[in-house]
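Here is a short briefing on one protein model. Look at the sequence and structure first, then read the notes by topic.

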Amino acid sequence: MVTIQETEIIEKGYLAKKRAQELDRPILISEVHQIQNMNPLSFFNIGKEHYQGERFFWKDPNDEIILVGLGISKQIQKNDASDRFAYVEQEWKTFLKDSIVINPFSIEGVGPVIFGGFSFDPMKPKTQLWSKYMDSMFYLPKFLLSIIKGQAYFTTNIVCSQYDDDFFFQKMLDERNELLRSVQSSNNLLPPILVEKKEIFPEEWKTSVEEVVKELSTGPLKKVVLARELRLKFENKVEPEIVLDRLNNQQHESFIFAFESEGDCFLGASPERLVKKNENEIFSTCLAGSISRGETEDADRILGEQLLNDQKNLIEHQFVVEMIKEALEESCEEIILPDRPSLLKNRDIQHLYTPVIGKCTKEASLLLLVERLHPTPALGGLPKKEAVEKIRQVENLDRGFYAAPLGWMDYKGNGEFAVCIRSGLIQGKEASLFAGCGVVADSNSESEYLETGLKFRPMLRALGGN
């Protein structure tokens with residue numbers, strides 16, 4: 001059992017209440033404690049009873065930063081395409097002003113942290129599929145478990161108004177203690193039983209690929225990424241906790257994420273970082289060009305060498321490298337990247353991979369970088385604006401948060417965003433999976449169709465299919 005004995009929250013509550021009264025707005029009190037290690041998936045699981053629909057989970061590929069949030073103290077959201085990245089950043093800065101943060105640890109991902117993301121294209125008409133998610137949507141959790149390089153920290157976030165009394169603060173502390181006492185309890189959840197698998201308009205999708213290929217040979221477009229949907233139905237309600245646990249076991253060297261909203265849960269295992277910021281250091285990833293894994297070590301090596309020497313995939317990959325380098329140059333004083341791509345191998349797929357490191361200026365903000373980088377040519381195409389317009393026109397899919405930036409940002413401006421591929425949206429007894437591929441001038445619709453089928457596999461397996 002995990003317990004937190006001492007607390008400054010009630011004492012600081014008087015100061016927060018006074019500030020709230022003087023400023024006529026709510027004030028955040030955030031308190032951090034170092035605690036004994038706990039299983040982050042268990043912590044996510046115990047939130048099911050009281051915080052379902054208000055949870056998130058995040059794990060980076062190296063297990064350096066794991067974040068689990070339960071409950072919502074503050075939401076920042078916007079269903080408007082204009083200045084949505086700047087809006088979230090300004091709202092976060094304004095909210096943090098005059099806050100009381102009790103945090104003796106100078107570590108990224110500890111203390112007040114918002115988690116969330118942005119839809120792929122806010123100009124695309126929203127459908128019922130993504131009705132529970134706003135185009136820009138972030139939570140500040142009530143309770144945050146941060147496991148940073150193996151050490152656990154617990155953050156309590158309370159938003160205090162001038163009308164709150166001692167009972168309000170004590171109630172929050174009782175809620176926290178009850179939560180921590182429950183960590184070892186187990187949930188008896190039934191695994192999902194798949195009864196129907198339906199591809200959404202597969203022939204129409206192939207036709208769209210063929211039509212785009214024709215345009216690529218005559219117009220300004222160099223590449224367009226087209227995605228499609230696989231809809232699944234189950235005998236019983238799909239429990240995100242089970243799917244998340246399977247993803248963590250099966251795709252551990254990926255970004256494992258889950259983001260709930262009003263009963264729906266968007267989750268996945270993405271191999272692709274969009275951008276990470278740690279003070280003045282910037283990290284990004286160029287990931288484009290893929291091939292399957294081999295059944296034997298020799299077969300796998302041959303496939304990898306084939307990918308490393310495939311001109312179509314190398315050209316597609318270079319598009320991404322050039323775009324990311326150009327986007328970062330506006331904010332970085334120095335950029336370091338290798339001359340040639342290497343291979344990034346996941347359980348089902350291997351990708352061409354080029355890491356990018358930059359030293360950014362003081363003015364560079366994380367969400368500004370997210371805005372400049374999204375979508376990369378690996379998820380949108382080239383040129384960016386024209387490719388997104390073409391996707392909006394021909395793709396019979398509301399992507400929502402698929403292929404979009406999802407991640408976290410702390411109160412010091414540090415954070416990380418991944419590109420939400422290898423992902424799915426769970427809705428009760430149903431789920432939608434998403435996969436896309438880069439269409440270029442010499443693309444073949446049948447080959448691209450098979451490639452998207454390969455990309456469905458990680459989520460399909462986690463949901464009990466094959």
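**Around helix α8**

The buried residues of α8 are covered by parts that include β15 (281–292), α9 (311–329), β17 (342–345) and β18 (349–360). Covering here rests on contact, meaning heavy atoms within 4.5 Å. This is a predicted model: local features need pLDDT of at least 70, side-chain atom pairs count only at pLDDT 80 or more, and totals for chains, interfaces and linings use all residues. Residues are numbered from 1 along each chain as its sequence is written, and side-chain values use heavy atoms, with hydrogens and water left out.

**Helix α8 itself**

- Helices (H or I, at least four residues) and strands (E, at least two) are DSSP runs, numbered from the N terminus.
- Helix α8 spans residues 297–308, 12 residues in total.
- From first C-alpha to last, α8 reaches 16 Å, close to the 16 Å expected at 1.5 Å a residue. The expected span is 1.5 Å times one less than the number of residues.
- D300, L303, G304 and L307 are buried in α8. They sit on the same side of α8 because they cover an arc of only 100 degrees around the axis. That arc is taken from the directions from the helix axis to the C-beta atoms.
- An α-helix has 3.6 residues a turn, so residues three or four places apart point the same way.
- Buried means under 20% relative accessible area, exposed over 50%, and partly exposed in between (1.4 Å probe, protein chains only).

- Strand β2 (residues 55–59) is mostly covered, with five of its five residues buried.
- R55, F57 and K59 are buried on one side of β2, and F56 and W58 are buried on the other.
- In a regular strand the side chains alternate between the two faces of the sheet.
- β2 runs antiparallel to β3 (residues 65–70), joined by five bridges. Two strands pair if DSSP finds at least two bridges between them.
- L67 in β3 stands opposite W58.
- The hairpin of β2 and β3 has five residues between the strands, and D63 takes a positive phi near 60 degrees there.
- β12 (residues 255–261) also runs antiparallel to β2, through four bridges. I256 in β12 is the bridge partner of K59.

**Cysteines**

- The structure holds zero disulfides. A disulfide is a pair of cysteine sulfur atoms within 2.5 Å.
- The closest cysteine sulfur to that of C286 is in C332, 13 Å away, too far for a bond.
- C286 is buried, at 0% relative accessibility.

**Helix α12**

- R457 lies in helix α12 (residues 445–462).
- R457 is partly exposed, with a relative accessible area of 41%.
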